[in-house]
Amino acid sequence: MPMTYWALIEHHRYWLSNDGIYVREIRENGALMMPVSQRIVREYGVARNIGMINGVDGNQVNGLQRLVDDINNSPWPDGLVDRATCCIALADAHHERCIAERRHRPISAVSKLMWFLRPDGWTMFDRYARIGLIGNDNNPLAFYEALEQRNFQDVAANITNICRNHGFGLFGERVIDKLLLFRGANAAQDGGENYYVKAQTLNHWHLQLLPEDYRKRLIALATEVAEALLPTEFAPLAAAG
């Protein structure tokens, strides 16, 4: 099966275990709240760059609440690069008030929290996804510009519509994210088990755990999504993975 097929299955596996739960919880609350935000930054490994800030009483406090407030109140333009500019500005502002100067800008954390709040037409900035798309250029704006050049929002919306037509609440944005993750994790060559091979193995057994009728529906969806991505500019990325 092509990499795009397994990207859909990978998204589904994470959707059932964590991501879908968080999206539903945030949608029910109408905003990011601290408990779910804490789970997201911990499980996505981005809490380290959020750090401590000075509270109103002068005492040091965890900066996540302030960052979450900023994200909830942030403007959200339509264009992907304009949205990236907003996220970078939020990360820069937080980095300036963070006490530990050694910390990196929390761009990845902001992009991830923002996706759970506003998933349509947005995607996360992640080391492996970045490598999978633009290689070693560690420039978040260049990453989103490259996505926009490939009509990311339109392609993702089409995949999402296919998912809805099959009765699944999955997001095309995360299918593309998983595709880039597969490519980037292998290209990064961090050692250990091949990430993509491991994902194929886990997702094979994930499928076996599903009820037969449900499994057949998911396989049909993954097959259609893989076919829908063939005429897009993301297809060469899968072929080169």
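User: In this predicted model, is Phe116 buried or exposed?
Analyst: Buried means under 20% relative accessible area. Phe116 has a relative accessible area of 1%. That is under the cut-off, so Phe116 is buried.

User: What is the geometry of the ring pair Tyr44 and Phe116?
Analyst: The ring centres of Tyr44 and Phe116 lie 5.8 Å apart. Their planes meet at 75 degrees. Planes over 60 degrees apart count as edge-to-face. The pair is therefore edge-to-face.

User: How many residues apart are Tyr44 and Phe116?
Analyst: Tyr44 sits in the loop between helix 2 (34-43) and strand 1 (52-54). Phe116 belongs to helix 5 (residues 107-117).

User: Is Tyr195 buried or partly exposed?
Analyst: Tyr195 pairs with Phe182, 6.3 Å centre to centre. Phe182 is at 0% relative accessibility and counts as buried. Tyr195 is at 27%. Buried needs under 20% and exposed over 50%, so Tyr195 counts as partly exposed.

User: What radius of gyration does the protein have?
Analyst: The protein has twelve helices and two strands. For 241 residues the globule rule gives 18 Å. The protein comes close to that, so it is as compact as a globular protein of that length. Its radius of gyration is 18 Å.

Note on methods: Residues numbered from 1 in each chain as written. Predicted model: local features only at pLDDT ≥ 70, side-chain atom pairs only at ≥ 80, totals over all residues. Heavy atoms only, no water. Helix = DSSP H or I, 4+ residues; strand = E, 2+ residues; numbered from the N terminus. Rg over C-alpha atoms; globule rule 2.2 N^0.38 Å. Phe/Tyr/Trp six-rings, centres within 6.5 Å; stacked < 30°, edge-to-face > 60°. Buried < 20%, exposed > 50% of the residue type's maximum accessible area, 1.4 Å probe, protein only.
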